[in-house]
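Hi,

Here is the structure I promised to pass on.

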Amino acid sequence: MLHHLEIYVSKLTKTIEFWEWFLTELGYERYQKWDSGISWKYRDTYLVFVQAEDRFMDVPYHRCRVGLNHLAFHAKSKEQVDEITEKLKVKGVGILYQDKHPYAGGDSHYAVYFEDPDRIKVELVAPIR
């Protein structure tokens, strides 16, 4: 079981705006908040986002470099994937792999892929039935 995951971000206010609605939709609750960070918790696992210091901002994040590629979350259903997809579009968040959506992960993998403000790829995947 994963205990927590901590991610440094380029602009904490944008990160909070982006992640708060999404994580709340999935059942996460705000867990901790301090001047340079925030976390949301679901059961025993929590996600932490921390403002990176200016001295570390010279090299931007890219998911194809060594390190984190993406975060994948469980959806309750295909309908929830569809609902989140529509909310992302309303918020102006681009959907990745639109030409294959919602089957970009394969014929039996129903999901939406998008990026957060730092271009971390996020996946919301429906259960296989």
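The largest pocket has a volume of about 500 Å³. A pocket here is an open set of points on a 1 Å grid over the protein atoms alone, where a 1.4 Å probe fits and there is protein on both sides within 12 Å along at least five of seven lines; lining residues have an atom within 4 Å of a point. The volume is the space filled by probe spheres set on those points, with grid points joined across faces, edges and corners.

In that largest pocket, 16 residues form the lining, and Y28, Y42, T45, F73 and H74 lie nearest the centre. Two elements give two or more residues each to this lining: strand 4 (45-51) and strand 5 (70-74). Strand 5 supplies the largest share, with 4 residues. By class, you get 10 nonpolar, 3 polar and 3 charged lining residues. Nonpolar covers Ala, Val, Leu, Ile, Met, Phe, Trp, Tyr, Cys and Pro; charged covers Asp, Glu, Lys and Arg; the others, Gly among them, are polar.

The second largest pocket comes in at about 420 Å³. Its lining has 18 residues, with Y8, V59, P60, Y61 and H62 closest to the centre. That lining splits into 13 nonpolar, 3 polar and 2 charged residues.

Before going further, a word on how to read all this: it is a predicted model, where local features need pLDDT of at least 70 and side-chain atom pairs count only at pLDDT 80 or more, while totals for chains, interfaces and linings use all residues. Residues are numbered from 1 along each chain as its sequence is written, and side-chain values use heavy atoms, with hydrogens and water left out.

Now the overall fold. The protein has 2 helices and 7 strands, running β-α-β-β-β-β-α-β-β from the N terminus on. Its radius of gyration is 15 Å, close to the 14 Å that the globule rule gives for 129 residues, so the protein is as compact as a globular protein of that length. (That radius is taken over C-alpha atoms, and the rule is 2.2 Å times the number of residues to the power 0.38.) The C-alpha trace spans about 45 × 30 × 30 Å along its principal axes. Buried residues account for 40% of the 129, where buried means under 20% relative accessible area, exposed over 50%, and partly exposed in between (1.4 Å probe, protein chains only). Among contacts between residues at least 6 apart in sequence, 56% join residues at least 24 apart; a contact means heavy atoms within 4.5 Å.

H101 and P102 are joined by a cis peptide bond, with omega about 5°. P102 sits in the loop between helix 2 (78-90) and strand 6 (111-115), and Y97 is in the loop between helix 2 and strand 6 too. Y97 is not a glycine, yet its phi is positive, about 55°; Y97 is partly exposed at 33% relative accessibility. R119 also has a positive phi, near 70°. You'll find R119 in the loop between strand 6 and strand 7 (121-125), partly exposed at 45%.

- I7 is in strand 1 (residues 4-9) and is buried, at 8% relative accessible area. Leaving out residues up to four places away in sequence, I7 touches V48, F49, V50, L68, L71 and I120.
- S36 lies in the loop between strand 2 (29-34) and strand 3 (37-42), partly exposed at 31%. Apart from residues up to four places away in sequence, S36 touches L12, F49, V50 and Q51.
- E25 belongs to helix 1 (residues 12-25) and is partly exposed at 28%. Beyond neighbours within four places in sequence, E25 contacts Q80, I84 and K87. The C-alpha atoms of E25 and Q80 are 9.2 Å apart, though 55 residues separate them along the chain.

Cheers
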